[in-house]
Amino acid sequence: MYSEVRPMIKFIFSFCTILVISCTSYAQRNIAAASVADCEGAISIDRPGNYALEFIGTIGDQKELEALSSLKNITETNTLWCAFVAPYEGLFTMEAYSKGSPINLVVFKPEEPKDDICGGIISGAVEIERKINSFGKDSVGLSRKPDSTHLYGINLTRGEEIYIMFNIDQKERKRLNLYVEYLPDNQAAAAKNMIQLLDQRTDVTAPQLKLQIRDKSTGLPVLSQLIIEESKSKNALYKGSDFLFTIKGRSKFRMSIDAEGYFFQDYEETFDGENDYEFVVWLEPATKGKQIEIKGIQFNMGSSEFASGTEARLRRIKDFMSLNSEIRIEIQGHVHAVGENSFAGKRLSLARAKQVMKYLEDSGIDKSRMEAVGYGNEFMIYPEPKFTWQEQANRRVEIKIID
């Protein structure tokens, strides 16, 4: 009996499989992609910071401004749309720059957060919050100090949304550098709203570890990726801004902390299992001009060959570059040498910087995002070292954000 039914079951299964695949394919063919040149495809700016965006050379599928009589002087030629939702009460400011391309800027804000803002813009029913004609300048913005190309920033309450349209006259792909700043009206209230707590305690009566990740420049919580290794029971990847863990018995944690737009931080701590611990990790924003020493990158004496145990630190730079795909860095090599900065010292430090760059390139990082520089002993941390560890501190690799 079973052998007679089996072919029919197989047929029905095959037919259903084909039907599901066909339906899925049909659904996929009918998913319409919204262009960044249209309001519906607005790029979500989810946090303050630097953004590298791109005009794509068109106005998208339709002209959004035709129903707004006050914008008749703006000819939509090459548009780019962005959206920002306020995480707390504060002042929204921004700076936009596109080299050699005069920018028009229009900002819209719906009366209610759930309004169809794009439909309202097309129908002419949405209020215009800000409008700037750059008058030939390739930089415009919203600022606390208005001038001819900058209007005053926009005060927002939590959950309020704004849509920003940038327009340039050239019909070609052009880069737009955008810097967004959002200053809270109340620092404490803003921090409270931004906290994303991950409570991993298994026993609330036992000693605990409280870990907080904060922005070094603002003091606000930062959503981060936390990896714990070498502990007995906590080895895992966690996401949040604040973390709670139970500590049972003597425990060793090796913690790696990453957040997009920030330099990474690594810690190794041992806990006795008898006391509570609380740490605040201050993350440095990875903005242009900032630099950081990458501790743990060692070379064999007098050469550019990596010493054993260095690979883990190199992987951390690779992860940082992968997480922040728009960043360009300068890799700086430094050596310890007595006397004036010699040609040999500069040559060795440059070779070491290039060795780091080669590792990153071999790991898949685009070579155009990196430069190598050798400073010899020009910038020693300890010009007159008294201990071996001070000499070792002079032999280091630093990375600097150059774009």
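A residue is taken as buried when its relative accessible area is under 20%, as exposed over 50% and as partly exposed in between, with a 1.4 Å probe and protein chains only. The model is predicted, local features needing pLDDT of at least 70 and side-chain atom pairs pLDDT 80 or more, whereas totals for chains, interfaces and linings use all residues. Residues are numbered from 1 along each chain as its sequence is written, and side-chain values use heavy atoms, with hydrogens and water left out.

By these criteria both Cys39 and Cys118 are buried. Cys39 lies in the loop between helix H1 (2-29) and strand S1 (43-45) and Cys118 in helix H2 (residues 117-123), so the pair ties together parts that are 79 residues apart in sequence; helices (H or I, at least four residues) and strands (E, at least two) are DSSP runs, numbered from the N terminus. Because the torsion about the S-S bond is about -80°, the disulfide of Cys39 and Cys118 is left-handed. Cys82 is also buried, with a relative accessible area of 1%, but its sulfur is 11 Å from the closest cysteine sulfur, in Cys39, too far for a bond.

Elsewhere, four strands form an open, antiparallel sheet in the order S15-S14-S17-S18, pairing being assigned if DSSP finds at least two bridges between two strands. Strand S15 (236-240) and strand S18 (265-271) each have a single partner strand, so one side of each is left without a neighbour in the sheet. Strands S14 (residues 224-229) and S17 (residues 251-258) pair over five bridges, and Leu226 has Ile257 in S17 as its bridge partner.

Technical notes. Disulfide = S-S within 2.5 Å.
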